[in-house]
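Dear colleague,

Please find below the structure that I am handing over to you. My notes on it follow.

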Amino acid sequence: MQYPHRVNMAHSDATKKKILVSIPVEDRQLDGVINVPCSSSWAGCAVVLTHGAGGDMNFHHLERIACRLAHSGILCLRFTCKTPNFKYRIRCFEAVLHFLRGHDDFAIAKCIIAGRSMGARVAAELATISNLTNQFIFGVACLSYPLHPPRKFSELRTSSLIHLGIPVLFVSGTKDHQCHKDLMDSVLDKMGTDWKMHWVEKADHSLNINNKPNNELIDMMCEWVVTWCQSVFMAER
């Protein structure tokens, strides 16, 4: 099925290119940006990435990850979906996947879905319920997964994780008030799929240290994401 889209070449040079897209979802259009790879080393592979309950696709972590993925040869589509409605965000994310899968210019066959905070929870739930899993979705990357509301340790959001059947990456801070380390470690022990967990010492839910962004940490996080994505795609070759 083909999806109509508006494309605007926003930036192009010898090493990188960004394409602005408008993605139709039910009664609205979602804004998106495609970071096009500078090489064909991972042709047919893509990561789709979205933000948390606040902010948008231009959150600095997401921009840096998208650029690093494209530099490594992996296409990355970021999109903005500003709604607190969890089920609606799942439908929006799946519509974005259909948009990318049907895009004539890229011929994407393998995808990893990723998100930050609420976006991570949406990605995990989508991978659990979608018929695209194991056909188009082959992994989930979760940045600051919100395991529970702030300091409400009895209200665990685990159903999206326990039933995952594909590889998953987690990056969380040890001072994240929405992801108590001991509780997360207990959930990981119960997961029946391949997982990778990176704990960032002294980092909060925004992966800031002492309330400030840390460039060294962001670079390290980007490297974790790229290396893990490559390992997932390599296993599917």
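Strand 3 (residues 28-36) runs antiparallel to strand 5, and four bridges join them; strands pair if DSSP finds at least two bridges between them. Helices (H or I, at least four residues) and strands (E, at least two) are DSSP runs, numbered from the N terminus.

This is a predicted model, in which local features need pLDDT of at least 70 and side-chain atom pairs count only at pLDDT 80 or more, while totals for chains, interfaces and linings use all residues. Residues are numbered from 1 along each chain as its sequence is written, and side-chain values use heavy atoms, with hydrogens and water left out.

Strand 4 (residues 45-50) pairs with strand 5 in the parallel sense over five bridges, and Val47 stands opposite Cys76. Together with helix 1 (residues 60-72), these two strands make a right-handed β-α-β unit (with the strands pointing away from the viewer, the path from the first strand over the helix to the second runs clockwise).

Strand 5 (residues 75-79) is largely enclosed by the rest of the structure, because five of its five residues are buried (under 20% relative accessible area; exposed is over 50%, partly exposed in between; 1.4 Å probe, protein chains only). Leu75, Leu77 and Phe79 cover one side, Cys76 and Arg78 the other.

Most residues other than glycine have a negative phi. Arg151, however, has a positive phi of about 65 degrees; this residue lies in the loop between strand 7 (137-143) and helix 4 (159-162) and is exposed, at 53% relative accessible area.

Kind regards
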